[in-house]
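Please read them with the coordinates open beside you.

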Amino acid sequence: MNNITSIDCSNFYNGIFISPNGTVKPCCRYAEPTDLKWNSDPDAILNSDLYKDLRKKAKQGTKIAGCDKCYAEDKAGFLSLRRRFNKKFERPKHSLEYLELAFNNICNLTCIGCEPKYSNLWGKKLGYISPIVSHSFNLEHNYKDLSYVSFFGGEPFATSNHQQFVNFLIKEDIAKNITLEYTTNCTLTPNPEWLESIKQFKDVIVICSIDGVDEVNSEIRRGSKWSKVTRTFDFFKSSDVKLWVNTVVMNKNVFHLEELSKWIADNNVDKWTCNVLTWPSDLSITTLPNIDKQQLYTIIEQCNITDKQFILDQLQK
């Protein structure tokens, strides 16, 4: 981006995240509540009062409350999501280029770091009368600059909504310009139609959320079985996709990261990223006793773990 300040973000110009209930934010990380709802018109969203205010504050160098996690990553020398966006989208056009999309909260797991708005099974477990949250998504106009679509959930492969949108992009003859990205819990395999349709796209990235090996992952991502995770992982590995792994670092798995790093190496993963959990706070590594933090600091410092410095910084808090 031209004339970008140290806290500016391309998503204030061309990125939209649509949550399971249809609420709109600049990205999935933006932590402040908004009253924006998806209305089928990206231009109206990108030129709303919220986006105008974000652009104004960023240009002035005024820190934005909803962006604290990226600021923390920047301070630690980690390539924050904000900086990754700025590398992908260099021109500050006020048109939709990046779309993060969660059609609903339908999921087959109750991960310990999750909540009902992203998993209907959590809502069911907590006794919600209507645990399923969804919205009616359609894209009518102002989408010709779209170049990146990221599917969230719930679990995107638990329903056919993503496939319907993929078919729409192919029909509109813009698939060849678009990178698709899926974030999945790696327990469900898509159908043969998906394997054929992704051939029409510029690139396809599948990010498997894996937080440990065997029982460690099963304890965190409750409802999953390691045998199923590895079978699904092998399915994606044999498909024509870039295969990434994302790990949420918390006090339930931080002592097992070295074991996970060996599994990552053995499986020739294209990219491994680690995010440090901040909510719920009782699972944060910052709550560990100092003696454990000191022990972990030495272990992590010496082993081959991605995003190592950011994890070490959190252990010093």
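The points below go from the overall fold to one helix, then to the cavities, and end with single residues and backbone features.

1. This is a predicted model, and every point that follows should be read with that in mind. The protein chain has 13 helices and ten strands. Its radius of gyration is 19 Å, close to the 20 Å that the globule rule gives for 317 residues, so the chain is as compact as a globular protein of that length. Taken along the principal axes, the C-alpha atoms fill a box of roughly 55 × 50 × 40 Å.

2. Of the contacts with a separation of 6 or more, 72% are made by residues 24 or more positions apart. For a sense of span, Q302 and N120 are 182 residues apart in sequence and, C-alpha to C-alpha, 40 Å apart in space. Q302 is found in helix α12 and is exposed, with a relative accessible area of 68%.

3. Just after α11, N268 takes a positive phi of about 50 degrees.

4. Which residues does S261 contact, leaving aside its neighbours within four places in sequence? S261, which lies in helix α11, is in contact with W272 and N304. At 10% relative accessibility, S261 counts as buried, the cut-off for that class being under 20%.

5. The structure holds three cavities of 30 Å³ or more, and the largest cavity has a volume of about 150 Å³. Its lining is made up of 17 residues, of which C27, G66, C67, C70 and R82 lie nearest the centre of the cavity. The elements that give two or more residues to this lining are α1 (11–14), α4 (68–75) and α5 (81–88), and α4 gives the most, with four residues. By class, the lining of the largest cavity divides into eleven nonpolar, two polar and four charged residues.

6. The second largest cavity holds about 50 Å³ of space. The residues that line this second cavity are F103, N104, F151, F152, G153, E155, P156, T159 and H162, and by class they comprise four nonpolar, four polar and one charged. G153, one of these lining residues, is joined to G154 by a cis peptide bond, with omega about 10 degrees. G154 itself lies in the loop between β5 (148–151) and α7 (161–171).

7. Most residues other than glycine have a negative phi, and most peptide bonds are trans. A cis peptide bond joins W279 and P280, with omega about -5 degrees, and P280 is placed in the loop between β10 and α12.

8. Two loop residues have a positive phi without being glycine. S40, in the loop between β2 and α2 (42–46), has a phi of about 75 degrees, and with a relative accessible area of 9% this serine is buried. D214, in the loop between β7 (203–209) and α9 (215–220), has a phi near 60 degrees, and at 40% relative accessibility D214 counts as partly exposed.

9. A last point concerns S19, which lies in the loop between β1 (15–18) and β2 (24–25). Not counting residues up to four places away in sequence, S19 touches A102 and H135.

Notes:
Residues are numbered from 1 along each chain as its sequence is written. This is a predicted model: local features need pLDDT of at least 70, side-chain atom pairs count only at pLDDT 80 or more; totals for chains, interfaces and linings use all residues. Side-chain values use heavy atoms; hydrogens and water are left out. On a 1 Å grid over the protein atoms alone, a cavity is a set of points where a 1.4 Å probe fits but cannot get out, and a pocket is an open set with protein on both sides within 12 Å along at least five of seven lines; lining residues have an atom within 4 Å of a point. Grid points are joined across faces, edges and corners, and a volume is the space filled by probe spheres set on the points. Ala, Val, Leu, Ile, Met, Phe, Trp, Tyr, Cys and Pro count as nonpolar, Asp, Glu, Lys and Arg as charged, and the others, Gly among them, as polar. The radius of gyration is taken over C-alpha atoms; the globule rule is 2.2 Å times the number of residues to the power 0.38. Contact means heavy atoms within 4.5 Å. Buried means under 20% relative accessible area, exposed over 50%, partly exposed in between (1.4 Å probe, protein chains only).
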